[in-house]
Amino acid sequence: MKINRRDFLKTTAATSLFFAGFGLPSFAGQNKKNLVVIMLEGGMDGLCAVPIRGDKNFKKLRSEINLKKTLKLTSDFDLHPALENFKALWDQNTASVFHATSIPYKGRSHFEGQDMMMSGGTVPYQEKTGWLGRGMKLAGLKGNGLAMSLPMPLLIRGVPLNNNYFPIRSSLPQKRLLNIIAEEFNQYSEKDLSETLSIVRNRDLNYFPGTNAATLALEAGKLLSDPNGPRVAVFKVENFDTHAAQGGENGTHADCLKEYDQILKALKASLGSTFKDTLILTLTEFGRTVKQNGGKGTEHGYGTAVLMAGGLIKKSEVHGDWPGLKKKDLFEGRDLNSTMDARSIYASAMSTVFDLDFKRIQKDVFWGDKLDNLSDKLFKA
Amino acid sequence: MKNFFRKVAFGIGPNEEVPSDPLNWALNQLDDIPNLTWKGRIPSGKEMIEIHARKNQIELKKIREKYKNDKKLLKIGIEKLKNETGQGFWPSLELSIRHTEAIHSTSPVLAKLWFFWSNHFAIVDGSFRTQFYTGPYEREIIRPNLNQSFEKLVYDVTISSAMIHSLNNSDNVGPKSKSAKNKKRTINENHARELLELHTVSPASGYTQEDITQLAYIMTGWRLGWSKSTKDTMPVEFDKDYHQPGKKSVFGKTYKSGKKGLANVIKDLVHHPNCRDFIATKLCRYLITDNPTEEMKRPIIKAFKDSDGFLPEIHKAAIKVAFEYNDQYQKFQNPENWFLQMAKLADFSWPTSSTIMDLYEVGRKPQSAHTQPEHKLYDLGHNPYGSKQPNGFSDFEVDWMSPELLIRRLVFAKDCFELTKSKNNNFKFYKNIVNKNFNKPEKIFNYLEKANKPYEIQILLFNHPEFLRA
């Protein structure tokens, strides 16, 4: 069945109307709510992760990298078979998709795009803090961020004392020595160092679980489910930049999606009951060209999809205003267009998780840029 | 007073005399730029860009085409190409050259300032090409300029291949230029904005979006030369076909069209009062404290003005201020500076010797000794060639205090014991370096007495609050 733009609009509008009225902030503040952002670096192909069904033109443009086997999401969209854990969450109404969206960046450079997806700005390299960091600052969340990486990513810069987890293949000095150092920190009134060391001393460094994403996710889930633990976690999955051998069910893009899917699985398992108070969103710098290139890959594009999961998801649904894939519908005649500024999704998520007024986030985190409040449509209050 | 040797350099090694006049010891290192101390191979930027990076660029395209059906072979092909062009080796060689200057040279103060400017004019790490030319850029563009004027430094950096590529000035095309006639092309403001914001006057100067746009127009035409066979790894040239015609205006001053516009506007930017204030602030922040005071900055600003931005004079003023405030402020050291101070004091076998590094032949897979510097600095969380943003690594203490970064210091102090020399593994050795580098050695001795073994001394000493700061 071929979807046309008007029908797609109608369904989304009806759905949002149906849910209007829910999500009043009266239940706010009961449980600690968490926001997890998984950065998909290299340019995640939304058309590969969530392909449109029954579009002959699309199939023709991607004859060598099309998916032969897919998981079905809706009458209009399929899901890449590597995303089986996402599908399981979808079946429980705890996963959804926002399609045909992008950050406001059309330049097709990884470095500019990655800078902007983290800063939330509209000009590359202009901002020196991240949208998530500014959102946390607005919510008064000092020391509540957790980066699953060694350097602090730009995304959560803007608040002091963030935590991070990225184990090294080695062990800490003995407890006795740590005690001596801790005592010395106290004597010298090194408050920040003392606080940091107390976090370190609670870490179990006697085993090296590795630094692959799923292992890090198990640890993140544990920390996030602690009522006094962090409220924000940031992950990174690399290598989405598939100029060659992108493949279908088993190509390089599939491997990357699988890595994302493994993070979801591990988070679901380790968050336990906290999963219901958590949102897990993806973030990428751009999508990829509709047409495959000469190397059975795709080039840097524009519009893509945001994958959303967690107990705070309102309903499994593919959101968005589908722009179509006819040549005239494409951005610059080659890329899926974006019909929603992805920052609207992130601002809405922060509004939901941090219990902040959307307009304050819009003003203080995104400089009053024109964004849509999607909180009620996408998330549970 | 002895922390001064670490504040402006990397401390006093076990076999070095403590200078009797610390201030003059430091000031005397700032007039001349001696040859690099590294005895091994030092490849030129030209070789790196025009041979290795170019080969990488051209072959990569072929490999992608050849292995388009097989992701495993593609991966192997890319890995093989990496070896054929020495990609995995160069960053470690550059770190060895850099670290030798800090630990084993006779001008460690100059080295510390070299690191400061390299970070001030940071190259964004991302494209594989940075692995070929960030090191040469810091050696050939920044270092020789440290006894020249700030104006010349800014100009040379601005038209360097590394910076032009890093901030996309090749894509900055005048919309009314000849090359935009048939194709829709326009400006890319990245480089222009950073020239104002990060390199010279800072946002405090109050430039407008229009100033950025106008500066971008002035900068159009400065790009990497391009040809089909060599891709864009050619030296920077001014191509007037890409230059926006007509007059431009920045901060209310008019600049004529053409190649000379860039030099003229840079001249005015470096003479702007906010530029002096910004550079003074950053130097004080790097050496003294997160929040420099007006009193601290004043002598540096004055030296900048009086000497017309002559870098040795600016550096001397900054070192004098650091000396003056030495007892009042101790700055938390960034991981690389901390590691180098530990390596110097504990007399580590570091970096890998030039004899071993020179055994590497381009085309082969590097041995672990050849890649150790890069891996170590990556593990430490501070590979100076790995800046992800054009503002470089932070000089604010808070950005270096995270659990994992503290774990790295604890673990590094322990694991780097393997870099010590066995003759040094005794109390006497550590007593000597404490005497030379700490203000109240007795206090540190009492603390170190809690250690049972030499490697425990090392863990305790290098994580002592007085050592973490300088």
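User: What percentage of the residues of chain A count as buried?
Analyst: This is a predicted model, and the values here are computed from it. Burial needs 20 or more other C-beta atoms within 10 Å of a residue's own. Of the 381 residues of chain A, the share that passes is 54%.

User: What is the radius of gyration of chain A, and how does the globule rule bear on it?
Analyst: Chain A holds 13 helices and 11 strands. Its C-alpha trace spans about 70 × 45 × 40 Å along the principal axes. The globule rule gives 21 Å for 381 residues, and chain A comes close to that, so it is as compact as a globular protein of that length; its radius of gyration is 21 Å.

User: How far apart are the centres of the two domains of chain A?
Analyst: Domain 1 of chain A is written in two segments, 31-170 and 213-378. Domain 2 of chain A covers 172-207. Taken over C-alpha atoms, their centres are separated by 36 Å.

User: Is I65(A) buried or exposed?
Analyst: I65(A) sits in the loop between α3 (56-61) and β2 (71-72) of chain A. The cut-off for burial is 20 C-beta atoms within 10 Å. I65(A) has 21 C-beta neighbours inside 10 Å, so it counts as buried.

User: Which strand of chain A pairs with β4(A) over five bridges?
Analyst: β4 spans residues 95-102 of chain A, and eight of its eight residues are buried. T101(A) has T304(A) as its bridge partner, and A95(A) has A309(A). The pairing is antiparallel, and the partner strand, residues 304-309, is β9(A).

User: What is the bridge partner of I280(A) in β9(A)?
Analyst: β9(A) is mostly covered, with six of its six residues buried. β8(A) and β9(A) run antiparallel and are joined by two bridges. A309(A) is the partner of A95(A). For I280(A), the partner in β9(A) is A309(A).

User: How many residues of helix α5(A) are buried?
Analyst: Helix α5 covers residues 110-119 of chain A, 10 in number. Its buried residues include F111(A), E112(A), D115(A) and M118(A). Among the elements that cover them are α6 (131-138) and β8 (278-284) of chain A. The buried count is nine.

User: Which residue follows α5(A)?
Analyst: S119(A) is among the buried residues of the helix. The residue after α5(A) has a positive phi, near 80°. That residue is G120(A).

User: Which element gives the largest share of the side of chain B that touches chain A?
Analyst: On the interface, 40 residues of chain B are in contact with 44 residues of chain A. Elements of chain B giving two or more residues to that side include α3 (45-66), α4 (71-84) and α19 (403-415). The largest share, nine residues, comes from α19(B).

User: How many charged residues are on the side of chain B that touches chain A?
Analyst: That side belongs to 40 residues of chain B. By class, 15 of them are nonpolar and 10 are polar. The charged count is 15.

User: How many residues are in the largest nonpolar core?
Analyst: I314(B) is one of the members that touch the most others, as are L215(B) and V321(B). Its contacts include F150(B), I279(B) and F304(B). Another core, of 100 residues, lies apart and has F77(A) and L132(A) among its members. The largest core has 135.

Key: Residues are numbered from 1 along each chain as its sequence is written. Chains are lettered from A and ligands numbered from 1 in the order in which they are written. This is a predicted model: local features need pLDDT of at least 70, side-chain atom pairs count only at pLDDT 80 or more; totals for chains, interfaces and linings use all residues. Two residues are in contact if their C-beta atoms, placed from the backbone, lie within 7 Å. Helices (H or I, at least four residues) and strands (E, at least two) are DSSP runs, numbered from the N terminus. Ala, Val, Leu, Ile, Met, Phe, Trp, Tyr, Cys and Pro count as nonpolar, Asp, Glu, Lys and Arg as charged, and the others, Gly among them, as polar. A nonpolar core is a set of buried Ala, Val, Leu, Ile, Met, Phe, Trp, Tyr and Cys residues joined through C-beta atoms within 7 Å. A residue is buried if 20 or more other C-beta atoms lie within 10 Å of its own, exposed if 12 or fewer, and partly exposed in between; C-beta atoms are placed from the backbone. Domain bounds come from an automatic or database domain assignment. Two strands pair if DSSP finds at least two bridges between them. The radius of gyration is taken over C-alpha atoms; the globule rule is 2.2 Å times the number of residues to the power 0.38. Lists of a residue's contacts leave out its neighbours within four places in sequence.
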